[in-house]
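Thanks, everyone. Please have the model up on your screens.

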Amino acid sequence: MPKITIKVDKDLCIGAASCVTVAPNSFQLNEENKAVVLDHGTEPNSRTYERTVEVTEDEKEEIILAAQSCPTLAISIFDENGRQLFPEI
Amino acid sequence: MRYLIVGGGIAGTTAAEELRQLDPDSQIVLLSEESHRLYSRVLLPFYVSGQIEREKCFLKRPAWYAERGIEVKFGARAQRLDLTDRQVETSDGRSYPFDKLLITTGGAVTRPFFEHPAISYLRTIDDADRLFGLLQKPHERAGIIGGGFIAMDLVNLFAGRPFSTRLFLRREKFFSQAFDQEASDLLRFWIEESGLVVSPSVGEVKMTDQGPSLRLDFGEEEWGCSLLGVGVGIVPDLSWLAAAGIKVSVGVRVNEYLETNVPNVLAAGDVAEFFDLTAGRHRLVGNWTNAMLQARTAARTMAGERTIFSLVSSYTAKVGSRNIIFIGDTNRSTTVRVERRGSKEEDGLSDIFYRDGRPVGAVILNRTPDRRPLTEMIQSSIKKI
């Protein structure tokens, strides 16, 4: 299965939580009201703003949709080769 | 199938995008009164503060629309709806026919004062450009009029600058629909801690033009300033819809499917006075997540998969480093019971609003850990309906 890297820029995150609504298995808000990244609903190792996760095509689509739903474009998605998938450059 | 969307903000653009995916061969026309491609209003304060560049506010590349076969008309203001011939006429005399229509016109800022170079609002990117320009100039005194979300953005933008700022609250409280006096006093304390002075209950502020500056008169006092930020709410443009027979109240009245009283005419986003299943009543919601997700739901219904809109939406206003979080229905006047945790003395409080025996909303001031459990509490209460 392909891997993608999900990064939240906490300086841009305002806690709108659209990402949580669209992809609750991949995002949740922490105690500072900022989005942190989950791996299929869990947080292996520790709480983090950046994760590389293995995903199906459907899951990848949902995560990109979540990134698109962010009002401050705080979420960036990269493919296995480091190419930025979202936001489009 | 001809889809016509009136309003090119996040709701209209999201609907266009979703419709293109669901109905690849259809005609999709998007009318936008503003002359810009889609940008995020939420990012405007980040641009004005210098945290990001202006270009980063835009969410779509110029070619995005054409790539998806979405015919977008910028600078097109809808003026007349003809439900017999099923077309919308714009102010430049053009007509746009449709089979299905979606209204996503949002609202325009309430402008209580005359036009003046020192005054700036913060709804559009044109407003942001103006405010950005004003902030490059030196000032001794500034003012803010307003007590809601935009006023908080203005507080964050003006605090810490080398000029004195006075905030005028026309009513008694900040966020007057959601807060009681204690919550408002706590917010006032934080704002004054950041260096601003708050003048509450000033009623209508009288303004006098003094060339490049303004003189504000309120009661016995006056405040001269060369920069005035105003955030006193938005008002939707409904008369052209009402004239055609669309049911309107404070917004375009729609059911839980976002359908108006007229078949194949829907509304979504800030303009939609929708039946909120959580709150158990019709209401207007003006936040980003609500606009975007309503648009997706409306598009699905229009493309043939009738879908109920159900969301406990939330939004955060930041004041300095503190969060004020609004979840669900936070209109105090329609709630029967309010449960409070914390207090002004504890520098943080949360209010949970109950109606018909269910939690329907919450407002959280500087108690961010309450967000998740209260959201879950409100979400699970829908299932009991």
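Start at Arg77(B). Arg77(B) has 35% relative accessibility, so it counts as partly exposed; the cut-offs are under 20% relative accessible area for buried, over 50% for exposed, and partly exposed in between, with a 1.4 Å probe and protein chains only. This is a predicted model: local features need pLDDT of at least 70, side-chain atom pairs count only at pLDDT 80 or more, and totals for chains, interfaces and linings use all residues. On conventions, residues are numbered from 1 along each chain as its sequence is written, chains are lettered from A and ligands numbered from 1 in the order in which they are written, and side-chain values use heavy atoms, with hydrogens and water left out.

What does Arg77(B) form a salt bridge with? Its partner is Asp237(B), with the closest N and O atoms 2.7 Å apart. By salt bridge I mean a side-chain nitrogen of Lys or Arg within 4 Å of a carboxyl oxygen of Asp or Glu. This pair links distant parts of the chain, 160 residues apart. Arg77(B) sits in the loop between strand 3 (70-74) and strand 4 (78-82) of chain B. Asp237(B) sits in the loop between strand 17 (234-235) and helix 7 (239-242) of chain B. Helices (H or I, at least four residues) and strands (E, at least two) are DSSP runs, numbered from the N terminus. Asp237(B) is partly exposed too, because its relative accessible area is 28%.

Glu17(B) and Lys60(B) meet through their side chains in a salt bridge, 3.5 Å from N to O. They are 43 residues apart: Glu17(B) is in helix 1 (residues 10-22) of chain B, and Lys60(B) is in the loop between helix 2 and helix 3 (64-67) of chain B. Both Glu17(B) and Lys60(B) are buried.

Further along, Glu339(B) and Arg341(B) form a salt bridge at 3.6 Å, N to O. Glu339(B) has a relative accessible area of 25%, so it is partly exposed. Arg341(B), at 28%, is therefore partly exposed as well.

There is also a network. Salt bridges link Asp180(B), Glu182(B), Arg332(B), Arg340(B) and Asp351(B). Over all chains, the search finds 37 salt bridges.

How many of them lie between chain A and chain B? The count is 1. That salt bridge joins the side chains of Glu88(A) and Arg61(B), 2.9 Å from N to O.

Stay at the interface. Chain A puts 24 residues into the contact and chain B puts in 27, where contact means heavy atoms within 4.5 Å. About 1800 Å² is buried between the two chains, and carbon and sulfur atoms give 55% of that. Buried area here is the accessible area (1.4 Å probe) that two parts lose on being put together, summed over both. Ile14(A), Asn33(A) and Pro71(A) supply 25% of what chain A buries against chain B, more than any other three residues.

Last stop, helix 4 of chain B, residues 125-136. Which of its residues are buried? They are Ile125(B), Asp127(B), Ala128(B), Leu131(B), Leu134(B) and Leu135(B). These pack against helix 2 (44-48), strand 9 (119-120), helix 5 (149-158) and strand 16 (227-230) of chain B.

That's the tour. Questions, please.
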